Amino acid sequence: MIDVWFKVDGLEADLLEVPDGAVIAQFRNAVKSHLGKELQEIAARELKVSFITANSDRLDPGKPVPDATSFESPLIVVSPLLLREPKQAKISLDFSILKPPLEIRPPPSPDLPRFVCPEGWKREVELQIQTQLDTQDFELDEGHRVEPLAVSRCSRGGKTRALYEMANMNFTYGDQHVAVIFVSFNDYSTLDQHDQEKPLEALLLRIAFAAFEDLQYKPGTTKEQFEAFRKSYHVTTSDVLYWLGQAPALLIVDELNNLSTIAGRNSDKAAEIANFIKQYFLAPAGRYFVFSSHILSTLESLGVYMEFKTSSERNVLLQELPLVDDLSSARTLNKHFRGAREAIYYGLMPGLIHDRSEKSPKSVNVKWSAIMTEVNEKSPDERKKTFFCILKSLLDGDVRRIPTEFHAFLDATGSGPGSERVRWSPHHLEFVLSRLILDDLNDDKLANSMASLCKKVLESKESSGDGWEGLFVLFLLARCITKSWEEPILSGFDGLFASNEQPVVLFDSPFLVGFKFYDQCECWADLKKEIVPGEAPAKSIY
């Protein structure tokens with residue numbers, strides 16, 4: 001008898017014992033009997049089963065079964081559909097082309113622009129990850145679960161750059177170096193339809209690619225290498241576990257939110273990938289998981305899916321990304337930097353400050369415009385509600401108010417479940433409000449006026465206070481529209497109107513233009529002459 005390793009396309013490698021001198025036809029029948037249901041599903045697709053070697057040599061039914069197979073070089077069960085284009089047929093992972101886990105290197109952190117962060121931020125993050133690497137599920141008590149670490153911020157906000165910094169930190173477990181496996185669901189390895197349908201396979205493939213011995217992190221080259229790797233190899237869970245062995249490892253995934261299944265509910269596929277991450281990169285000591293997402297709700301979804309079969313939930317830690325805290329740092333990011341107001345306009349986000357200096361605004365406007373087109377296709381009532389929710393979130397930072405599609409415009413703050421808050425930069429708020437279509441003419445005018453107030457932060461003269469005044473009026477309008485009164489900001493203001501009345505909110509109106517234009521009014525007496533009675537009840541802000 002001989003032992004024969006084989007692998008059905010889409011399944012894990014397996015071992016089967018056959019008599020000496022057995023031919024392929026006999027082996028095929030043995031495989032069918034051994035696999036049962038899985039092979040029946042293949043047969044149901046009317047694909048006749050064939051075999052090829054790890055070197056893509058086809059084996060005819062009358063040929064003897066090779067006696068030199070192994071886990072690394074099994075016989076591969078495929079269909080004639082794939083054999084018609086042998087160059088496109090995926091084969092088992094060739095472990096000889098992979099570096100050992102402890103020898104792989106993550107993408108280098110770029111020299112330019114300089115990574116900007118407050119003093120102590122890197123050390124804080126390094127200690128956070130190291131502490132989690134040293135612990136395991138249920139180590140502290142029966143309810144203890146290791147919590148993955150997430151970073152969340154708008155597009156172009158610096159998430160990927162922060163992950164590069166984390167990937168190039170030095171972590172240890174005991175006396176061993178920790179392997180850092182950097183996976184991207186964006187950039188050089190974007191997701192295709194197959195990846196969306198089989199997210200675990202998408203992750204496994206990219207883990208293997210991170211260990212590819214010829215991998216070069218260069219613009220264009222990395223993408224070409226990945227596409228060739230994707231077309232050549234099929235990677236299974238057992239492949240990754242065999243390669244990883246007992247090595248301590250940190251798995252970092254950029255743009256986890258790009259997996260659409262994670263955002264859904266009751267998805268077996270999402271539960272499958274979440275369980276893999278939990279079982280092999282969170283639960284055991286010496287392993288940890290860090291990811292980025294520009295959709296804050298990804299954190300909650302992942303935690304739910306990780307405990308899909310239990311009645312509990314795994315929390316996710318939110319690591320705040322650094323903000324620019326001084327003007328000298330901002331100047332290193334943007335050679336055309338115009339001062340503090342520009343930093344405020346871009347929400348103090350280093351990535352955005354740099355990105356706007358190097359690229360045309362059109363570089364992200366296509367994606368953002370697509371979001372707004374989708375929003376504007378909703379009903380008038382839904383759009384009005386969206387407008388209201390945006391203004392409420394501007395005041396209280398409650399992420400639950402914001403439709404998911406707007407998460408691409410937000411920065412996130414907080415450290416744990418329930419403490420997360422979102423922040424709008426004037427830059428993003430201006431874009432959204434200027435493109436949100438509201439059927440009510442007054443609402444539409446207010447939205448556009450508020451967008452103009454955001455722009456004032458950037459465009460007002462350096463020596464004037466117009467930009468700061470614009471921010472004050474912006475928040476005052478938001479409070480009036482949403483009826484969000486706080487003592488002593490607007491003490492007793494709501495009491496000016498009966499509780500059953502819904503006053504309209506107006507900006508710079510009514511205005512007669514009888515004696516002077518608005519910008520010619522220098523005092524209250526000038527303005528008072530131009531104000532004429534209008535719609536009532538109303539709150540007018542000038």
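I began with the sheet: 5 strands form an open, parallel sheet in the order β10-β12-β13-β7-β14. Strands here are DSSP runs of E with at least two residues, helices are runs of H or I with at least four, and both are numbered from the N terminus. Two strands pair if DSSP finds at least two bridges between them. β10 and β14 (317-318) stand at the edges with a single partner strand each, so one side of each has no neighbour in the sheet.

The model is predicted; local features need pLDDT of at least 70 and side-chain atom pairs pLDDT 80 or more, while totals for chains, interfaces and linings use all residues. Residues are numbered from 1 along each chain as its sequence is written, and side-chain values use heavy atoms, with hydrogens and water left out.

I looked up the pairing of β7 (residues 149-152) with β13 (residues 287-293): it is parallel, over 4 bridges. Ala150 stands opposite Phe291 in β13.

Axes are lines fitted to C-alpha atoms, for helices over the stretch in contact, and angles run from 0 to 180 degrees between N-to-C directions. Helix α5 (residues 159-167) touches β7, β10, β12 (249-254) and β13, and its direction makes about 170° with that of β12. Helix α12 (residues 297-306) touches β7, β13 and β14, at about 145° to the direction of β13.

I then turned to the core. A nonpolar core is a set of buried Ala, Val, Leu, Ile, Met, Phe, Trp, Tyr and Cys residues joined through side-chain atoms within 4.5 Å. Buried means under 20% relative accessible area, exposed over 50%, and partly exposed in between (1.4 Å probe, protein chains only). The largest core has 134 residues, and Trp424 is among those with the most contacts inside it. Helix α7 (residues 199-210) gives the most to this core, with 9 residues. A second, separate core of 11 residues includes Ile2 and Phe27.

Last, I searched for aromatic pairs and found 18 in the whole structure. Rings of Phe, Tyr and Trp (its six-membered ring) pair if their centres lie within 6.5 Å; planes under 30 degrees apart count as stacked, over 60 as edge-to-face and the rest as tilted. Tyr188 and Phe209 form a tilted pair, 6.4 Å centre to centre with 45° between the planes. Tyr188 is buried at 8% relative accessibility, and Phe209 is buried at 3%.

Notes. Contact = heavy atoms within 4.5 Å.
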